[in-house]
Amino acid sequence: MTNTTSEMRHAAGFAGLPGDVLLTGASGFLGIHLLHDLLVGGATVSCLLRGESEQRARQSLEDKWRWFFPETDLTPHRERLRVILADVTARHFGLKERAYDAIAETHGAMFNVAGNVNGGDLHELLPINVGLVESLIELSRYGCPKHLHHVSTVDVVGHFTERPRIEAFTEQHLQEGQAFADGYGESKYRAEVLLRQAMAQGIAATAYRVGFIGPHSQTGTFQQNADQNYTSRYVRACVRLGFAPYLPKVQIPITPVDAVARAILALGSSGESAGQTYYVETPNPVRHYEVMRVLQAAGYPLRLMEVDDLIRCAQRLSSDKESLGLVLPQAAGPETHQVPIDARASLAALARCGFDYASSGEWLGRFVAHAIEVGFLPPPRFWREAPLPRGLIT
């Protein structure tokens, strides 16, 4: 896997900031891709990581690098990759005063990609999703000049129980009276509120609202813990059942992870990002029907059914309750009002950076091939005789 000149230029932009780059969440799906582009671009990066020892934490991170980027040798970048053992939920990250002061004096850019993405109780999510942001804001006030780059989510848009007073949710909107269906969206919303308050007090910061993050556009490689991702579990459920709903109008805005990383670095190194909020989400969604056709082309005998027929017949067609729970439409809850996202300002900013999201969905075929290779999907009957071309999109 190689980097384009544009990718390397944007990543290298951070090497010119005062000091080095501090990165949280480097072992996560998006975090490891940001780490890759930053190091390949010439930056020196310090990663706050948990671990029994610095050696084991580094080894774990390097193993993850090799899994995601087997064609990119880490050796030329190893001296610029630093590991700092830390507890990001603790005050000053659990570091001794001298170590904390050293970070404050030597790191000019901070990327916060760490987060608890699991649903559930809000209070379980607050220590990382909100507390860590508080800690990074505090760190911003000390030492060398800093710029805090915080990865947020489109889920801060939430929903409205009454008719909203806005027609669209732009980058500038935040506290609009929305409600949240789970603790994750609310925790990220609270973090953005704190970040806006810090910006108003003079802290240089940027928020990046990301949406569905998909497999790498060139390799099809997805997150290692694919069992924790709804989209990948949904695809596997369709394969297991042998049928899926026919949804020709449904579109899914899945952005390949490498595009998300490149967009963040392009915006962050543009010189105009301080104080801004951006949406980092492709304007080229993938159709649900397109995903099903790729699975069929791979050799899965997948039957598409009208939603009403599927609901009526599902229990007779399969006893796989887990897969049925993922594929069958969920019962409607209380009536809510959704507000569309208006990301035109973000797309314009990316255009000024020379960045454009790819319009092709070829990565779908590559993802299916990768999922079969790693055992996440069972191979179709004739897979070994005629595997799906990695670039296929029908």
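Colleague: Why is Phe-93 called buried?

Modeller: Buried means under 20% relative accessible area, exposed means over 50%, and partly exposed is in between, with a 1.4 Å probe and protein chains only; Phe-93 has 0% relative accessibility and therefore counts as buried. This is a predicted model, in which local features need pLDDT of at least 70 and side-chain atom pairs count only at pLDDT 80 or more, while totals for chains, interfaces and linings use all residues. Residues are numbered from 1 along each chain as its sequence is written, and side-chain values use heavy atoms, with hydrogens and water left out.

Colleague: Why is His-92 called partly exposed?

Modeller: His-92 has 23% relative accessibility, so it counts as partly exposed. His-92 lies in the loop between strand S3 (81-85) and helix H4 (97-106), where helices (H or I, at least four residues) and strands (E, at least two) are DSSP runs numbered from the N terminus, and Phe-93 is found in that loop between S3 and H4 too.

Colleague: What makes the phi of Phe-93 worth a remark?

Modeller: Most residues other than glycine have a negative phi. Phe-93, however, has a positive phi near 60 degrees, and the phi of His-92 is positive as well, near 55 degrees.

Colleague: How do you know that the span of helix H7 agrees with its number of residues?

Modeller: The expected span is 1.5 Å times one less than the number of residues; for the twelve residues of H7 (230-241) this should give 16 Å, and the end C-alpha atoms are 16 Å apart, so the two agree.

Colleague: What makes Asn-229 a cap of H7?

Modeller: A side-chain oxygen of Asn-229 lies 2.9 Å from the backbone nitrogen of Thr-231, at the N-terminal end of H7. A polar contact is a pair of N or O atoms within 3.5 Å, where within protein one must be able to donate a hydrogen and the other to accept it, and residues adjacent in sequence count only if both atoms are side-chain atoms. Just after H7, Gly-242 takes a positive phi of about 85 degrees.

Colleague: Why is the pair of Trp-65 and Phe-69 called edge-to-face?

Modeller: Rings of Phe, Tyr and Trp (its six-membered ring) pair if their centres lie within 6.5 Å, and planes under 30 degrees apart count as stacked, over 60 as edge-to-face and the rest as tilted. By this rule the count comes to twelve aromatic pairs. Trp-65 and Phe-69 are 5.3 Å apart centre to centre, with 70 degrees between the planes, and the pair is edge-to-face. Trp-65 is buried at a relative accessible area of 1%, and Phe-69 is buried at 2%.

Colleague: Why is the pair of Phe-180 and Tyr-189 called tilted?

Modeller: The centres of Phe-180 and Tyr-189 are 5.2 Å apart and the angle between the planes is 45 degrees, which makes the pair tilted. Phe-180, at 19% relative accessibility, counts as buried, and Tyr-189 is buried with a relative accessible area of 17%.

Colleague: How do you know that S3 and strand S11 (277-280) stand at the edges?

Modeller: Two strands pair if DSSP finds at least two bridges between them. Seven strands form an open sheet with parallel pairing, in the order S3-S2-S1-S4-S5-S6-S11. S3 and S11 each have a single partner strand, so one side of each is left without a neighbour in the sheet. Within this sheet, five bridges join S1 to strand S4 (residues 107-112), and the bridge partner of Leu-22 in S4 is Met-110.
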